[in-house]
Amino acid sequence: MSRDRLRERVPRFRGSLAGTLLLTTLGLLYADARLFAAAVVPLSYVAFGALSSLSGAAEPEIERTFDAASPPPGSEVEVTLTVRNAGESALTDVRVVDGVPDELSVVSGSPRAALALRPDEEATVSYSVVAKRGEYDFDDPAVRVRTASATDRATLAVEASGETTLDCARSVSDPPFGEASPRRVGTHTTDSGGEGVEFHSTREYRPGDPISRIDWRRFGKTGDLTTVEFREERAARTVVVVDARPVTRTTPSAGYPNGAELCAYAGEQLYDALTAANVATSVTALGLGDEDVPGGLPADDLLWAASDGGSSARLVFEAIGSAADRDSSEEVPGDGTGAGAKSDSGPDAGQSPDSASPSSETPTEHPAATDGGEQTDNGTEDPTVRALLARLPADAQVVLVSPVLDDWPLSLARSVSARGHDLAVLSPDVTGGASSAGESSAGESPTGDSSPGASPGRAIAGTRREIRLWDLRTTGADTVDWSVSDPLGIALERSLQTLL
Amino acid sequence: MMDEIHDAADLSETNWAPTRASSALALLGTAGGVGALALVVGVPKGTAVAAAGAICLALSLWLLTFETWRVPATLGASLLLVPAGAGITAGVGYESLVAFAVSFPAGSPTRVVGQILRIAGVMAVLWGCTIAVFGAAASARGVATSRSVSKCLGLVTRVALLPTNFFIALAGYGLVTNLELGAGGALAEFVSAATDWLFAPTPGEVHLLQFGVLAGAATYASYRALLDLPTEALAGEATVGDVKVADALAALRRSLAGLLALAAFGIPVAFVVEFLLPAEKGLALLPEAGHDLLVVVTSSAGLRDLLWWVTLVAGAAAAVATLVRRSSRASTREVLVGYAPFVAGGAVVAGVHVAHGPILRGLIGFVESRLEPPLAGRFADLADGVVSFYGSETVVLGLMAGVLTLAVGGVFALWLAFAAGFVSDRVAGPSLAGGGLFLAAAFAGTVDAPFWLVLSGLVVALMVWDAGEFAATLGSEVGRRAATRRVELLHGLGALSVGAVGVLAAGALSQAVFSGGSSGVSGGELGNLSVALLGAVAGVVLLVMALR
């Protein structure tokens with residue numbers, strides 16, 4: 001056994017030594033040879049403890065594997081440690097503790113185990129952690145080996161072969177400056193005339209117009225050169241708005257990523273997909289603080305990554321990640337078995353949607369309650385909405401990525417539709433889902449009770465969210481409800497269909 | 001080192017409790033060992049009752065570890081201490097009664113020592129079994145810690161306080177009223193003489209000392225009342241005329257303090273003047289007018305009554321203010337938790353008051369039925385005499401107070417074991433279980449239990465301790481949720497095989513000694529000597545190895 005090894009003897013059998021003395025004394029007092037002979041029994045334990053030693057034992061070999069290479073946040077990743085006794089002698093008591101990063105919470109199984117291994121025998125230890133956005137390095141497992149008498153023990157850190165980093169973030173590629181063209185052809189019809197398929201108008205010929213667009217029939221009749229204009233089709237600009245306001249930083253269960261984190265992840269994937277489809281995409285985020293952005297926020301508090309320059313999308317997503325983590329320090333990680341139950345009664349209840357949504361209700365009740373006519377005005381009064389509208393290009397369509405835990409998205413939707421922009425809402429479900437929780441989560445959770453949606457408060461939050469999504473649809477927005485336990489790809493496909 | 005690497009994801013308390021398989025092994029071993037030893041030594045009933053008491057004690061300790069529901073938990077723990085003490089006392093008392101009844105009267109004086117040793121052995125087995133059951137019960141939840149035991153000590157002391165005081169008062173009353181020594185009359189005479197001396201002065205004389213004592217008491221009580229009552233807060237900024245009330249009160253307090261100092265100095269002087277100085281050298285030297293004034297002031301019955309009432313009222317006000325102040329500083333829950341054991345003590349007193357008749361009759365009948373005729377008759381006479389002298393309530397209350405005092409002693413012994421470091425918090429339960437069982441098995445050897453049972457008892461005791469300690473360490477390092485069963489079973493098997501080897505060696509050794517003894521005088525001596533020498537050498541070698 002090699003590095004970081006701490007070997008010590010544990011004086012376990014002092015009690016047996018005292019017992020030996022007691023029996024010897026009793027044997028002498030009562031003049032009873034049998035009691036004297038009985039002292040051999042505790043003495044044999046003393047001898048056992050004194051004689052057993054770890055001298056011939058070898059360091060076990062450990063290999064770590066993850067069942068998913070780059071999992072989405074919120075999904076459970078099974079970690080498997082394979083411990084092998086590479087030595088010649090049996091190890092009767094090997095205790096292994098895997099170095100799980102503090103940020104990841106274990107939801108099933110235990111990263112600890114006590115194993116007994118014959119020479120060349122191997123055993124596996126499996127447990128599951130909840131993936132979070134980011135890269136997490138696992139420490140070397142701590143190993144403690146004891147003799148059968150437990151009087152000789154060695155503690156060591158064994159370097160695990162195999163995987164050591166759980167990577168759950170696909171970094172956003174830098175915007176393709178080289179290929180960027182100010183006007184891209186696409187399927188989105190615009191009101192300006194130009195090249196296309198659908199007839200738009202005719203105008204007088206100007207030198208330089210393509211010959212193919214001259215109306216020859218008219219030239220034949222009248223002798224005037226006229227140019228035909230078609231309705232121009234091109235991709236509009238798309239603005240991805242990621243909602244990371246404090247109200248979104250709630251989790252369905254302790255240890256799971258919060259709404260802002262999920263929004264960041266979904267927004268990132270969406271940005272990648274749109275950029276890959278050659279759509280001019282800008283990204284902005286709500287709810288960032290000065291401390292999230294190196295150098296601070298711009299004057300209108302909107303960090304904006306435009307498709308044609310400005311700050312890079314990577315910076316925006318990093319800032320969102322930092323904002324999402326800001327409240328995480330207050331979370332009390334659950335213990336896996338009782339995650340659902342704990343968040344109902346434990347100190348982290350404040351982080352769960354049960355309590356977060358009612359508190360967030362109060363300031364925004366009015367727009368939802370009052371009549372539709374004043375909505376736009378009310379919405380525009382919100383400084384964030386105003387700043388956002390000010391930055392929106394005239395032909396932009398907006399994709400809001402938000403868990404929709406309060407009525408703010410609704411007021412944004414009304415303001416945006418009043419300005420004539422298209423709106424799509426991609427909403428990760430952090431309430432556990434009023435309707436979907438039962439079928440999607442219960443089957444996955446090995447303990448059953450950690451399924452989100454177990455508490456009535458969460459069910460109410462889920463129902464309110466569904467009502468808000470319904471309201472959003474009535475304003476003309478397309479909504480895509482992403483249940484976190486489903487792969488994001490399906491939700492993205494659905495949202496991209498509405499965008500492209 | 002490893003104990004500290006509890007990952008943040010795993011915070012539940014239950015996970016770090018001792019692992020299940022080894023704990024179950026320790027529990028089963030204790031139950032089996034205690035049952036077998038109690039049956040063979042012939043103390044099954046007493047052991048069962050004492051074990052029930054031990055389990056009540058463990059339950060009481062468990063209730064004391066509650067962080068929520070503390071008031072009912074403390075009350076429950078206090079009430080459980082009564083059956084705990086009663087169970088252990090009854091179990092041990094019953095078996096000692098039986099042992100005495102069997103052994104005495106002894107056939108010959110030479111057998112007395114042997115019988116006493118036998119009774120001591122039986123008692124040790126009984127105590128060992130009780131401790132073992134308590135340890136096993138406490139290890140189930142790890143409730144025996146130095147903290148919980150010291151809390152329990154405070155609790156049992158407070159529970160015992162009321163019954164003991166009531167018993168002393170009732171017994172004292174019984175003594176005073178029944179003894180024909182005129183003690184009651186003497187007491188009454190003393191009281192009336194004291195009140196006369198204090199309150200009914202002879203007119204026309206100077207009574208400096210009595211007056212000084214009363215005035216000093218009144219001053220002290222007023223000072224305390226002024227100090228303890230929230231006078232400053234109540235006065236606030238209020239004024240009477242041009243004087244601020246708070247300032248006036250402060251001035252009053254200062255004057256009272258001055259008066260108090262004067263009284264402290266004056267009372268000894270008055271004592272000297274009253275008792276030690278001859279009359280012509282003391283007050284007679286004063287001028288006539290001064291002397292007359294002193295006579296009027298010190299012998300005025302009205303003034304004395306006034307001082308007495310001031311003392312009473314101010315003293316009561318000060319006491320109430322102090323109590324309220326103390327209670328208001330602590331939260332209601334803390335106050336209730338503090339009073340819960342007294343409530344339990346009060347419940348014991350009330351219970352005895354209601355049911356003392358049937359309890360006492362049952363007890364006396366039971367003891368009589370267990371004793372041989374001459375002893376039973378003597379006991380009945382004695383009991384009748386005591387009951388008719390003190391009354392049955394006093395006797396039952398005395399028994400209760402005795403049980404609770406014994407409980408205080410027992411918990412104190414437990415506390416001492418923790419304080420002296422014989423038992424550590426981490427493995428307290430297994431240590432007590434294994435230690436108790438070992439004691440019982442060792443002493444079972446002194447009361448003619450079969451040798452194989454003694455050896456098995458020793459092995460089981462050591463295995464119980466080993467398994468319990470192993471479970472505690474494994475639980476704290478790896479936790480219950482991890483897969484540990486294989487390692488635990490392997491460890492248990494290892495310990496069992498070592499025990500088996502030990503039993504074989506001990507059996508062979510005793511066989512060698514006994515067969516050596518029977519083969520012939522010289523050969524036997526030689527055989528014994530060689531075995532003893534071999535044993536001594538082996539023992540020394542092992543000792544050196546163990547201490548290495």
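This is a chat about a predicted model of a complex with chains A and B.

Reader: What scores does the predictor give the complex?
Author: The complex gets an ipTM of 0.74 and a pTM of 0.69.

Reader: And what is the mean pLDDT of chain B?
Author: Chain B has a mean pLDDT of 84, and 90% of its residues reach 70 or more.

Reader: Where in chain B is the pLDDT below 50?
Author: One such stretch is residues 3–11 of chain B, which has 23 contacts in the model beyond near neighbours in sequence. Another is residues 517–523 of chain B, where pLDDT stays under 50 and the model has five contacts beyond four places in sequence.

Reader: Which parts of chain A supply at least two residues to that?
Author: On the helix side they are α1 (14–29), α2 (33–38) and α3 (40–51) of chain A. The strands are β4 (91–99), β6 (112–117) and β9 (139–146) of chain A.

Reader: Which one gives the most?
Author: That is α3(A), with 10 residues on the side of chain A that touches chain B.

Reader: What classes of residue are on that side of chain A?
Author: The side of chain A that touches chain B has 31 nonpolar residues, 11 polar and nine charged.

Reader: Switching topic. How do α1 and α16 of chain B pack?
Author: Helix α1 (residues 20–41) and helix α16 (residues 451–477) of chain B pack at an angle of about 155°, and their axes are 8 Å apart. Angles over 145 degrees count as roughly antiparallel, so α1(B) is roughly antiparallel to α16(B).

Reader: Is that crossing left-handed or right-handed?
Author: The crossing of α1(B) and α16(B) is left-handed.

Reader: Which residues make the contact?
Author: From α1(B) they include Gly29(B), Gly32(B), Gly33(B) and Ala36(B). From α16(B) they include Gly457(B), Val460(B), Ala461(B) and Gly468(B).

Reader: How many of the residues in that contact are charged?
Author: The contact of α1(B) with α16(B) has no charged residues; it has 14 nonpolar and eight polar.

Reader: Back to chain A. In what sense do β2 and β3 pair?
Author: Strand β2 (residues 61–66) and strand β3 (residues 76–84) of chain A pair in the antiparallel sense over six bridges. In this pair Arg64(A) stands opposite Leu81(A) of β3(A).

Reader: How many bridges join β3 to β7 there?
Author: Nine bridges join β3(A) to β7 (residues 122–130) of chain A, and the two run antiparallel. Val83(A) stands opposite Ala123(A) in β7(A).

Note on methods: Residues are numbered from 1 along each chain as its sequence is written. Chains are lettered from A and ligands numbered from 1 in the order in which they are written. This is a predicted model: local features need pLDDT of at least 70, side-chain atom pairs count only at pLDDT 80 or more; totals for chains, interfaces and linings use all residues. Two residues are in contact if their C-beta atoms, placed from the backbone, lie within 7 Å. Helices (H or I, at least four residues) and strands (E, at least two) are DSSP runs, numbered from the N terminus. Ala, Val, Leu, Ile, Met, Phe, Trp, Tyr, Cys and Pro count as nonpolar, Asp, Glu, Lys and Arg as charged, and the others, Gly among them, as polar. Two strands pair if DSSP finds at least two bridges between them. pLDDT is the predictor's confidence in each residue, from 0 to 100. Axes are lines fitted to C-alpha atoms, for helices over the stretch in contact, and angles run from 0 to 180 degrees between N-to-C directions. Angles under 35 degrees count as roughly parallel, over 145 as roughly antiparallel, 65 to 115 as roughly perpendicular and the rest as oblique. A crossing is left-handed if the near helix is turned anticlockwise from the far one by less than a right angle, and right-handed if clockwise.
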